Amino acid sequence: LLEAEKQVRAIVQVYGTPDKIHIELARDVGKSAEERAEIERGIEKRNKEKDKLRNFEFPEVVGRQPEGREELLRFELWKEQAGRCPYSDEIIHPSQISASDNSVQVDHILPWSRFGDDSFHNRALCLASENQHKRGRTPFEWFTEDKSDGEWERFRTRIETNKLLRGLKKRNLLLQNAEE
């Protein structure tokens with residue numbers, strides 16, 4: 001429901017107050033038994049992955065159990081990014097995953113204020129300084145407006161060669177036309 005509220009706020013901001021809103025919550029109703037079973041298997045697989053991260057991988061790297069979902073999210077992003085800031089390519093030390101000094105932040109790759117996407121595929125763990133410089137822009141807008149020639153190409157190459165980054169995450173990081 002919170003995600004629906006965010007989406008409604010974004011719609012109101014762009015188009016004004018609608019006459020009515022229809023929110024469908026039961027997305028599985030029209031699906032076949034096989035499709036529902038596939039969804040269920042996907043949920044089970046994801047839960048097993050998160051349990052492995054929480055109970056084994058996080059403690060092995062950080063030295064203790066995670067304190068909440070935010071730390072687990074930061075760890076998962078850190079792992080996916082091979083322990084590096086995607087924007088600067090600087091190393092993010094495992095101790096920074098849970099650091100209270102705000103040295104690293106979870107960034108919306110495509111700004112939430114413009115795209116309304118709060119999914120895992122639209123998040124990256126980055127150095128706070130890089131996030132502050134990026135502001136409300138896409139990586140392409142930021143690199144082409146503020147950085148020197150060739151930095152976008154080096155960034156693009158880093159993202160394309162990271163085999164852990166796939167699908168929508170890679171697309172979001174490399175998006176050049178914000179209207180896509």
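In the predicted model, phenylalanine 143 is classed as buried because its relative accessibility is 2%, below the 20% limit for that class. Tryptophan 142 likewise counts as buried, at 2% relative accessibility. The rings of tryptophan 142 and phenylalanine 143 form an edge-to-face pair, with 5.1 Å centre to centre and 65 degrees between the planes. Phenylalanine 143 also pairs edge-to-face with tryptophan 152, at 6.0 Å centre to centre and 70 degrees between the planes; both of these residues are buried. The structure holds nine aromatic pairs, and one aromatic cluster consists of Tyr87, Phe140, Trp142, Phe143, Trp152 and Phe155.

Two lysines are placed over aromatic rings. Lysine 147 lies over the face of phenylalanine 143, at 5.0 Å from the ring centre. The charged end of lysine 169 sits over the ring of phenylalanine 120, 4.2 Å from the centre of that ring.

The largest nonpolar core comprises 26 residues, and those with the most contacts inside it are Tyr87, Ile92, Phe155 and Leu173. At least two residues of this core come from each of helix H2 (33–62), helix H3 (69–80), strand S2 (123–127), helix H6 (139–146), helix H7 (151–161) and helix H8 (167–174). Helix H3 gives the most, with five residues.

A search of the whole structure finds 22 salt bridges. In one of them, arginine 46 is joined to glutamate 76, with the closest N and O atoms 2.7 Å apart. Arginine 46 belongs to helix H2 and glutamate 76 to helix H3, so this pair ties together parts that are 30 residues apart in sequence. Glutamate 76 counts as buried at 14% relative accessibility, whereas arginine 46 is partly exposed, with a relative accessible area of 29%.

Glutamate 67 and arginine 64 meet through their side chains in a further salt bridge (3.8 Å, N to O). Here glutamate 67 is exposed, at 62% relative accessibility, and arginine 64 is partly exposed, with a relative accessible area of 28%. The side chains of arginine 123 and aspartate 118 also form a salt bridge (2.6 Å, N to O), and arginine 123 and aspartate 118 are both buried. Through shared partners, salt bridges join Lys6, Asp118 and Arg123 into one network.

Tyrosine 15 is found in helix H1 (residues 2–15) and counts as exposed because its relative accessibility is 70%.

Terms used
Residues are numbered from 1 along each chain as its sequence is written. This is a predicted model: local features need pLDDT of at least 70, side-chain atom pairs count only at pLDDT 80 or more; totals for chains, interfaces and linings use all residues. Side-chain values use heavy atoms; hydrogens and water are left out. Helices (H or I, at least four residues) and strands (E, at least two) are DSSP runs, numbered from the N terminus. Buried means under 20% relative accessible area, exposed over 50%, partly exposed in between (1.4 Å probe, protein chains only). Rings of Phe, Tyr and Trp (its six-membered ring) pair if their centres lie within 6.5 Å; planes under 30 degrees apart count as stacked, over 60 as edge-to-face and the rest as tilted. A charge sits over a ring if NZ of Lys or CZ of Arg is within 6 Å of the ring centre and within 35 degrees of the ring normal. A nonpolar core is a set of buried Ala, Val, Leu, Ile, Met, Phe, Trp, Tyr and Cys residues joined through side-chain atoms within 4.5 Å. A salt bridge is a side-chain nitrogen of Lys or Arg within 4 Å of a carboxyl oxygen of Asp or Glu.
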